[in-house]
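Hello,

Here is the structure I promised to pass on. My notes follow below it.

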Amino acid sequence: MVTHFQRGRKARLSDLTLGTDLYVGVQIAGPGLVFDISCFGLDQAEQLSDDRYFIFYNQPKSPEESLQLLGAQAGDTESFRVTLDSVPASIDRLAFTASIDGDGTMAQVGPGYLRIVAGGDEVARYAFDGSEFTTERAVMLGDFYRKDGWRFAAVGQGFDGGLAALLRHFGGEVAEEEPPAPAAAPGFAPPGGGPPAAPGFAPPPGAAAPPQAAPAPAPIPQPAPPPAPTPQPAPSFTPPPAAPAPPAPGGGYAPPPGAPVPPGGGGGFPVQPGQGFGAPPMAPAPGPPQPGAFPPPGQGGYPPPGQPGFPPGQGGFPPPGQGGGYGAGPTAPMPAMGAPAGAGAAGGVMGALDKYRGSDERRRWALQNPQLVRADLGIDGQPVMARQGSMVLYQGDIDFGFKGGGLMRRATTWATGEGLPSMMRCTGDGQVYLAEEASRLHPVELQGDAICVASQHVLAFDESLEYEVRRIDGHGLPGGSLFALQFSGHGTLVVTTQGEPLVLPVTPMTFADANAVIAWSAAAQVLVANQVRVRRQAFPGHSGEATQLQFRGAPGSFAIVQPYEI
């Protein structure tokens, strides 16, 4: 039985098949388009920390052969063999991508798919077509990732750059193509060099092989004064039996020994000894640098241009494309004042500000930096609920409307002190950028599960999510209870923290300060541990830690705290 996936859906692989030696097939085509289909083996930071796990046409398998490129077969444009049991523990995610080699956009592709086959039977299929994309030149099709075992996600996320931009996005390196000028030097050897110099006199493009060299004595009168030595070079135009083979059809000067030869199938990234992944045969035209990136929480600061950030979708910071400089000539300009060391030829204001660029990657929620999140309303067309006053920028046709909680929810908020009375509803087609007093932001994706959050830490969420007030009973508390908001359903919730949060697994002896708790799993049982005693209230100098929350729950439950007490 085939399970059909829509974009954004995720599932445990164990729910699809018990097999772990899988066939992954990709079918993608478009008029006049050529595609590079690849697999990236990423670490827990979603970076290509080991180039050997970038599987593409020039590197068809990983060292232990857990990932293998099989080629076109069975109606698929490209196919892979993935042996999950043999994938090293350092590889946390396998990302399957397709990029256009040459001109064109993903809007031109016809109906395509990514499918998973186990034991000869197709068990899962994600179908897509060009109507889901616009100007993108690459697409992230699907992922295998570790989370309590292996899972599969139908991503379907467009990417503006090609394969080179994808490689930089995941932290890989693309080597620049070496200038071909030195390769033509042997062609200008003097005619008196004898037979070894014969290969230098290759016929021009389109001409026949060496037999055309016979009429060459015609220009003999040009060397003027001494005509006597002129007949001597003539034999050198007729290759002896042991002469080197003529150049390949197509003419031109052959590259010298050791020069890198690009693959014959089109633009890609050949692997060269001692280098990273090579550049495509034609270097891209100079242009403004692509957006920079921001590091994940806990690593501080921003990386210098030329290094990628933390990829999106996992509560971290979205990895935009690689920032690049303008093409430098023989006399490259000096970096602008204020630009970091190593900024290269990118000068002026753009060179100095390149590292602060946001992400061009199209996805529903994308962190632009640790304190700023972008919601793309053009994806799925769902409205977004956001805290009033949190909008700092928007692009497109966006409407902001007041959203009250309704009479029942207002009454609940008045009685419990917990709720979201001051929200705005963002609708339309465009992108909204949200922030809250430079607090750190953390998108949390819910897929049918639930989470409890203190209302003051909710910045925004998809309108598809349901929320209600949940009571925490406790003895000896004023009013008898504490309260929190419980979110459930399918969608994304953006939570704020002061400083870097800490996620702790719940044990029977897990206690947290009620003023520092951000959120916890809905499956956890929460009790109030009250240590207030008459003697502590009668005398000054008590600890001030009179009330804590105790968490209990099944394995897998968690609590999130911040290094700050409200």
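Leucine 353 sits in helix α2, residues 348-353. Helices here are DSSP runs (H or I, at least four residues), strands are runs of E with at least two, and both are numbered from the N terminus. The model is predicted: local features need pLDDT of at least 70, side-chain atom pairs count only at pLDDT 80 or more, and totals for chains, interfaces and linings use all residues. Residues are numbered from 1 along each chain as its sequence is written, and side-chain values use heavy atoms, with hydrogens and water left out.

Buried means under 20%, exposed over 50%, and partly exposed in between (1.4 Å probe, protein chains only).

Now the sheet. Six strands form an open, mixed sheet in the order β1-β10-β9-β3-β7-β6. Its edge strands are β1 (3-5) and β6 (67-69), and each pairs on one side only. Two strands pair if DSSP finds at least two bridges between them. Strands of a sheet pair through backbone hydrogen bonds, either parallel or antiparallel. Strands β3 (residues 21-27) and β7 (residues 78-83) are antiparallel, with 6 bridges. Glycine 25 has serine 79 in β7 as its bridge partner.

Last, arginine 470. This residue belongs to strand β20, residues 466-473. Arginine 470 is partly exposed, at 23% relative accessible area. Its C-alpha atom is 5.8 Å from that of leucine 485, 15 residues apart along the chain.

Best wishes
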